[in-house]
Amino acid sequence: MKKLRVGVIGTGRLGSIHTRVYKELDNVELVGVCDTSKERLELLAGQFNTPKFSNHNDLIGKVDAISIAVPTNQHYQIAKDFINKGVHVLIEKPITNNLAQAKELTKLAKKNKI
């Protein structure tokens with residue numbers, strides 16, 4: 001069976017948990033972690049021996065699914081970038097800053113069958 005290729009965006013507490021869980025799953029390949037904080041990125045990537053990315057767009061085309069665990073005000077754009085490329089997303093709550101953005105992401109996900 002082909003492994004699900006995943007990445008994690010955000011290296012805070014929740015991103016660290018997502019990274020640890022993905023690293024432990026047999027049917028998952030952790031492609032890498034991403035954060036704009038170089039210090040936190042280095043620490044988490046080193047801890048889990050996984051590639052690091054400073055720009056979330058660098059993971060597009062490399063993953064089947066992505067965990068988004070960044071501050072809420074960044075959820076919408078990051079999720080939209082991945083959804084529009086047909087990548088499954090897991091977004092930490094709240095999904096977005098407002099209902100209009102959440103509805104748009106839901107509509108895009110349905111359109112892209114993800």
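In the predicted model, L14, I17, V21 and L25 form a nonpolar patch on the surface, and their accessible area together is about 260 Å². Patches are made of residues with over 30% relative accessible area and no salt bridge, like charges being joined within 9 Å and nonpolar side chains (Val, Leu, Ile, Met, Phe, Trp, Tyr) within 5 Å; a salt bridge is a side-chain nitrogen of Lys or Arg within 4 Å of a carboxyl oxygen of Asp or Glu. Accessible areas come from the Shrake-Rupley method with a 1.4 Å probe, and for residues only the protein chains shown count as cover. L25 has its place in the loop between α1 (13-24) and β2 (28-34), where helices (H or I, at least four residues) and strands (E, at least two) are DSSP runs numbered from the N terminus. L25 counts as partly exposed because its relative accessibility is 36%, the classes being buried (under 20% relative accessible area), exposed (over 50%) and partly exposed in between, with a 1.4 Å probe and protein chains only.

This is a predicted model, in which local features need pLDDT of at least 70 and side-chain atom pairs count only at pLDDT 80 or more, whereas totals for chains, interfaces and linings use all residues. Residues are numbered from 1 along each chain as its sequence is written, and side-chain values use heavy atoms, with hydrogens and water left out.

In the loop between β5 (88-91) and α4 (99-111) is T96, which counts as buried because its relative accessible area is 7%. A polar atom of the T96 side chain lies 2.6 Å from the backbone oxygen of N98, and a polar atom of that side chain lies 3.2 Å from the backbone nitrogen of A102. P94 is also found in the loop between β5 and α4, and a cis peptide bond, with omega about -5°, joins K93 and P94.

Definitions and conventions
Polar contact = N/O pair within 3.5 Å; in protein donor to acceptor, adjacent residues only side chain to side chain.
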